[in-house]
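This report looks at side-chain contacts in one protein model. Look over the structure first, then read on.

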Amino acid sequence: MARIYAHHPVRHRDGFLTMAATQTERRLLLSIHDVGPRFEGQVDRLRDHLGRHAPVDRIALLVVPDHWGEARIVPGSPFAARLRCWADAGAEIFLHGWLHRDDAPHHSAVNAMRARYMTAGEGEFLGLDRVETRRRLMAGRALLEDVTGRPVRGFVAPAWLYGEGTHVALAELGFDLAEDHLRVWNPGSGTRLASGPVLTWASRSRTRIASSLLAGALLPPLLSRLTVARIGVHPGDVGVPALMTSIDRAIGRVRRTHAPARYDRLLTARAA
C-alpha cells in the first residue's frame, strides 16, 4: 500500500512558496526542450513563463548543440555566454541530441513507424548504431561542458526516441540520467528513478494542437497522483496562445501537490 506524505508550505530562497514533505517529497520536474541559438527568443519566453511557477534552478534546459546543422553553439559566442550564465544560476543542463534531426536508416518496421508518426523527422537517436551514437554523445557533452564549465550528467533523446545503440552508449559513457515518455532512469544500472507519462504539447498542426489541449486538461489530475510529475515545453509552444494558457493551467494544477525540483534529486533520493 502506498504511503501518503504530508506537505507543509515553505518559502524558497527566491520567494517561491513550495511544499516540503515530512518524509518523501512529491516532485515536479520542469524542462524546456530544444534550447539553442535557433530558438533563443522562444526559450527566453518559456523561461519567463515557467518562472511564474518555479525558481530558475528548478527548470532544466535540454540543449541541442547544432540544431539541424544550422545553429551550432560556438564557444565564446553571445549565446554560449548566456548558456553559461544560466548554468551559473543553477539550471540543469542536459544534452538533447546533436542535430535533433533523424538522418539514419530504419531497418526495423516498428522503428520506421515510430520515426514517421511520433515526430517530424527529429528522432535523431532512434536509428543510430552504437559507434555513431557514442561519437555524437561525446562531442555534444564535450561542447556543453566546455561552454558551461560544469559536467553534463543527463541526456534526453530528441522526441524521447532511443535505439538500442543509444542505450548501450549512454551506459558506457557514464551518463547518470536519461528520460523517455514514461520514465527517468540511470543508464548504467538500469535503475528506474521515476515513472509516469510526461505532459507535453505539440504545435505543428491543428490536430496536434487540439490533442495537446485535451492532454493538458486531462493529464494534470493523473500527474498529481504520482510521486514525480514531469512537464516539458518546446519553443513552438510560444506561437500558440492557447498552448501557453494550457501550460500555465497545467503547471498550476500540479503545483498544488508537487514542489518544483531538480532531476538530480532523483539520484540523491535513490541513494538515500
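A charge sits over a ring if NZ of Lys or CZ of Arg is within 6 Å of the ring centre and within 35 degrees of the ring normal. Arg183 meets this rule: it lies over the face of Trp185, at 3.8 Å from the ring centre. Arg141 lies over the face of Phe175, at 4.5 Å from the ring centre.

The model is predicted, so local features need pLDDT of at least 70 and side-chain atom pairs count only at pLDDT 80 or more, while totals for chains, interfaces and linings use all residues. Residues are numbered from 1 along each chain as its sequence is written, and side-chain values use heavy atoms, with hydrogens and water left out.

**Aromatic pairs**

Rings of Phe, Tyr and Trp (for Trp, the six-membered ring) pair if their centres lie within 6.5 Å; planes under 30 degrees apart count as stacked, over 60 as edge-to-face and the rest as tilted. The whole structure holds 6 aromatic pairs. One of them joins Phe94 and Tyr263 edge-to-face, with 5.1 Å from centre to centre and 65° between the planes. This pair links distant parts of the chain, 169 residues apart. Phe94 is in strand 5 (residues 93–95), and Tyr263 is in the loop between strand 12 (259–260) and helix 8 (265–271). Helices (H or I, at least four residues) and strands (E, at least two) are DSSP runs, numbered from the N terminus.

Phe94 counts as buried because its relative accessibility is 4%. Tyr263 is buried too, at 2%.

Phe125 and Phe155 make another edge-to-face pair, because their planes stand at 70°, with the centres 5.1 Å apart. Phe125 lies in the loop between helix 3 (109–117) and helix 4 (130–148), and Phe155 lies in strand 6 (residues 154–156), so the pair ties together parts 30 residues apart in sequence. Both are buried. They also belong to one aromatic cluster with Tyr162, Phe175 and Trp185.

**Salt bridges**

Side chains of opposite charge can pair when their charged atoms come close. A salt bridge is a side-chain nitrogen of Lys or Arg within 4 Å of a carboxyl oxygen of Asp or Glu. A search of the whole structure finds 15 of them. The table includes three.

| Glu40 | Arg82 | 2.9 Å |

Glu40 in helix 1 and Arg82 in helix 2 (residues 78–88) are 42 residues apart. Glu40 is partly exposed, at 24%. Arg82 is partly exposed as well, at 27%.

Asp248 lies in helix 7 (residues 241–254) and Arg52 in the loop between helix 1 and strand 4, so their bridge ties together parts 196 residues apart in sequence. Asp248 is partly exposed, at 25%, whereas Arg52 is exposed, at 54%.

Glu132 and Arg136 are separated by about one helical turn, because they are 4 residues apart in helix 4. Arg136 is buried, at 7%. A network of salt bridges links Glu124, Glu132, Arg135 and Arg136.

**A polar contact**

A polar contact is a pair of N or O atoms within 3.5 Å; within protein, one must be able to donate a hydrogen and the other to accept it, and residues adjacent in sequence count only if both atoms are side-chain atoms. The side chains of Arg58 and Asp57 make such a contact at 2.7 Å. Arg58 lies in the loop between helix 1 (40–50) and strand 4 (59–63). Arg58 is buried, with a relative accessible area of 17%.

Notes
Buried means under 20% relative accessible area, exposed over 50%, partly exposed in between (1.4 Å probe, protein chains only).
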